[in-house]
Structure formats: structure tokens, C-alpha cells
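Please read this briefing with the sequence and the 3D structure side by side.

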Amino acid sequence: MSQPTKGRIDKKWISFGILMLGAGTIYKLGFLKDAFYVPMQEFMGLSHTQIGTAMSIAGLISTFSFLTAIGITDKVSKKIMIPFSLISICLCGIWLSTFPSYPVFLLIYCLLAICADMLYWPTMLKTVRLLGTEDEQGRMFGIMEAGRGLMDTIIAFGALGIFSAMGSTAAGLKMAILFYSIVPGVIGIIMYFMLEPDDAPAPTPVQTQENASAAKEKNTSGIMRTLKNKNIWLVSFNIFFVYSVYCGLTYFIPFLEEAYALPAALVGVYGIINQYGLKMLGGPVGGFITDKILHSATKYLRIAFVIVGVIVAVFAMLPHKSMGIFLGMFITLTISACVYSMRAIFFAPMDEVHVPREITGSAMAMGSFIGYLPGSFMYAVYGGILDKFEGLFGYRIVYLMMAAFAAGGFVLSTYIISTIKKDKQKNK
């Protein structure tokens, strides 16, 4: 192997590693409640309703941020977009550490959503896709998900350590927020020097009116090509089905507490395994099976939809009152592991259906908009069902809905596979 080639490979994986660090830290401030819900109430004077309202408004902003990203992700170089988003997150976090008034708190949460979901996430997905070859897509997205889980764990425990070391006081919460802020800021600065600019079109000797019109038409056509590409829509709705199932995983802990009287000590262990351990395990496993065994992300998703759908449907009907707690934990963790492996690679089919690389950013933005859409309403749907139908009956309805989404994903995955086969036959 020649030295220049080796250098390019090394830089590719270094860039990938730094991207992974950014992906694992950029959402920590927006989801500050995950580790500091009670301290936010005590030291920032926030009520349950105020925190919930902030998360709902931020979620709505995120949804439309993905939509807006369709028009800008392919126009602004990743060398500018990614560092800018990370450094902006840092500045928002420093502002948040001042414990501002509630209206300002809402504004900061909206800005965090814009920086993370409009500026960073689609561009990061685009960059990961372009860093890897068609044969590496499953592994790269899988390793990315695993790395995010690892980084999530390290940063969360780091912030909790700072908070505890400072006596779990208001000053400790401020320092934890600053820690959450400084890390992405430093990563953003590093990314500016590590990332290469996007490939620029060949310069023209004279910028005539005709050239300017052509450039404008090209930018517009990129968005239109994305919206008119049937395969992008298909992959996006396949992500939608995965994410609808994923939203249901949230209710495993309250279910285990209600159905099996899960002890408080096991709640913490289960939560750590479910939230972090399975993400680190599921990503590489899903990526490896996709690239090395099935050679198709869509085929892997189709098989996983069947596994998840069947297990969830059967689990809904089991006699939980007479079952052992560890069996219940094992089954729910198995479901979660499968779903995390699906989440890790559900953007990989963009390469499989041959989305043109010059519209990768727009495709990833649209995939994010449609795919993550369940996050803006499925929690309310599932939660409403559990409030209306108390006890195990409500959970059975939720699990059967998850199985129905898995069945829909299986049907759509089968259709995508047939579409890929037809396209290959046409191109022979």
C-alpha cells in the first residue's frame, strides 16, 4: 500500500472518530433532564410542566429543522457546518449555565434543537456515508451508534461525577452544564482542522449571468431530485417504522415495575444495560451482519422486523403475573438489542438504493424528518393508551401496536428489496 493511500485511510478513520465524539455529546444539553431532572427543578426553579413544555417545543422545532435541512445540507460544506453547530451548542450551554428565566430557557432549548437537528445531524450522516464505500455502510453506521453509546456513558458519568464532587449543589449543576458545553466546543474546534471541505465544482473563467442561473438551478434541482426520488421516500418510511417501535422501548421499565415489582436496585442496572450497553452491542452486530453476512441493510431490517414483531406480540400475551422477573428482563432486553441494531443501520439503505451522492445531505435530512417524526407524537400516543387503560391491558395494547409497526416495516422492506432487484435488472 502506498504511503499517500495509507494517509488518506488514517485521516478517514480519524475524522470518523471525531464525528463519533460529536454525535455522542451534541444532544447532552438538550436532554439535560436525563441525568439532572430533579436538580433542574430544585436549582433552576422548573416545574414538571415547564420541563415537559420545553421538551415538546424543542421536539417540534427539531422536526421542522430536519425539513429545513433538506435545503441547506448540500449547499454548505461540512467543514463549516459541523464545527459551527458544535461551537454554537457550546455557547448555548454557557448561556444555560447562568440559570436564565423560563422564557430564555425555552429560547435556548429551541436554539439547541436547531443546532443539533438542522445543522449537525443531517450533515454528520452525510459525512459518514461519503467517508465509507458501499460495502462499508453497515459497519460505519453501526460503529457510529456504538460509539455514541460509549460517549454518552462517559460524558454522563463525567457530569454526574462533577455534580457529586461539588456536593450536589447549584454550583455543581452549573459546572456539570459547563462540562456538557465545553466538550462539544473543543470537538468543534478540532473538527474544523480535521475535516476536508466538500468537493467544489470546477471554477469557471467568467461568472456570467448564465453561469449564475445554472448554479441556482442546480441548487434548486438538488432539493427537487430528493423530493422526486421514490427510493428516498421508501427508505425514510422504513426508518419511520423502526423509530415507532423504538419509542415503545421507553415503557419497558414501568411495565417491569408494575408487572414484576422490579426492585429499585435492579431498575438502575436494567436502565444502564438497556440505554447504554445494548446501544454499544447492537450497533456493531447490526453493521457486521449487514456488511459481512447479508450484504444488504434492507435484508437485515426485514429479518429484524420479523424477530421483533413476533417476540413483542408473544410477549404481550404471556401470563406475566406467574413468570419470573429475570425472564421478563431477558425478553425485553432481547427486543431492545434487536431494535438498537436496527437503529444503527437504518440510514445505510440510502447507499443500497443508489441515492446520488451529490444529494446525500438532502436525502439524509428528509430521512431524518420522516424517520424521526414518531418522536414528536408516539410517546404521547403510547402514554395516552397507558393512562386510559390501566394495568397490563394498556401495556398489551402498546406492545401489539409495536408489533403492528414491525409488520408494516417488514412489508415495506420486502417492497424495497424487490425495487432494488428490478433496478439491477434494468441496469444489466
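The side chain of K28 makes a polar contact with the side chain of D152, at 3.3 Å; a polar contact is a pair of N or O atoms within 3.5 Å, where within protein one must be able to donate a hydrogen and the other to accept it, and where residues adjacent in sequence count only if both atoms are side-chain atoms. K28 is found in the loop between α1 (3-25) and α2 (33-44), helices being DSSP runs of H or I with at least four residues, numbered from the N terminus. K28 counts as buried because its relative accessibility is 11%, and buried means under 20% relative accessible area, with exposed over 50% and partly exposed in between (1.4 Å probe, protein chains only).

This is a predicted model, in which local features need pLDDT of at least 70 and side-chain atom pairs count only at pLDDT 80 or more, while totals for chains, interfaces and linings use all residues. Residues are numbered from 1 along each chain as its sequence is written, and side-chain values use heavy atoms, with hydrogens and water left out.

**Confidence**
- The protein chain has a mean pLDDT of 83, and 89% of its residues reach 70 or more; pLDDT is the predictor's confidence in each residue, from 0 to 100.
- Within the chain, confidence is highest in helix α12 (residues 297-317), at a mean of 96, and lowest in helix α8 (residues 209-228), at 62.
- Over residues 201-208 the pLDDT is below 50, and this stretch has three contacts in the model beyond near neighbours in sequence, a contact being heavy atoms within 4.5 Å.

- S413 lies in helix α17 (residues 392-426) and is buried, with a relative accessible area of 0%.
- The side chain of S413 makes a polar contact with that of N238, at 3.0 Å.
- Not counting residues up to four places away in sequence, S413 touches N238, T298, L301, R302 and F305.
- L301, in helix α12, counts as buried because its relative accessibility is 1%.
- Leaving aside neighbours within four places in sequence, L301 is in contact with N238, V242, M342, I345, F346, P349 and S413.
- L301 and R343 are 42 residues apart along the chain, and their C-alpha atoms are separated by 9.4 Å.

**Cysteines**
- A search of the whole structure finds zero disulfides, a disulfide being a pair of cysteine sulfur atoms within 2.5 Å.
- C92 is buried at 8% relative accessibility, and C115 is buried with a relative accessible area of 8%.

**The cavity**
- A search of the whole structure finds one cavity of 30 Å³ or more; on a 1 Å grid over the protein atoms alone, a cavity is a set of points where a 1.4 Å probe fits but cannot get out, and lining residues have an atom within 4 Å of a point.
- About 90 Å³ of space lies in the largest cavity, a volume being the space filled by probe spheres set on the points, which are joined across faces, edges and corners.
- The lining of the largest cavity includes W121, F141, R343 and Y372.
- α5 (102-131), α6 (137-165) and α13 (325-345) each supply at least two residues of this lining, and α6 gives the most, with four residues.

Terms used:
On a 1 Å grid over the protein atoms alone, a cavity is a set of points where a 1.4 Å probe fits but cannot get out, and a pocket is an open set with protein on both sides within 12 Å along at least five of seven lines; lining residues have an atom within 4 Å of a point.
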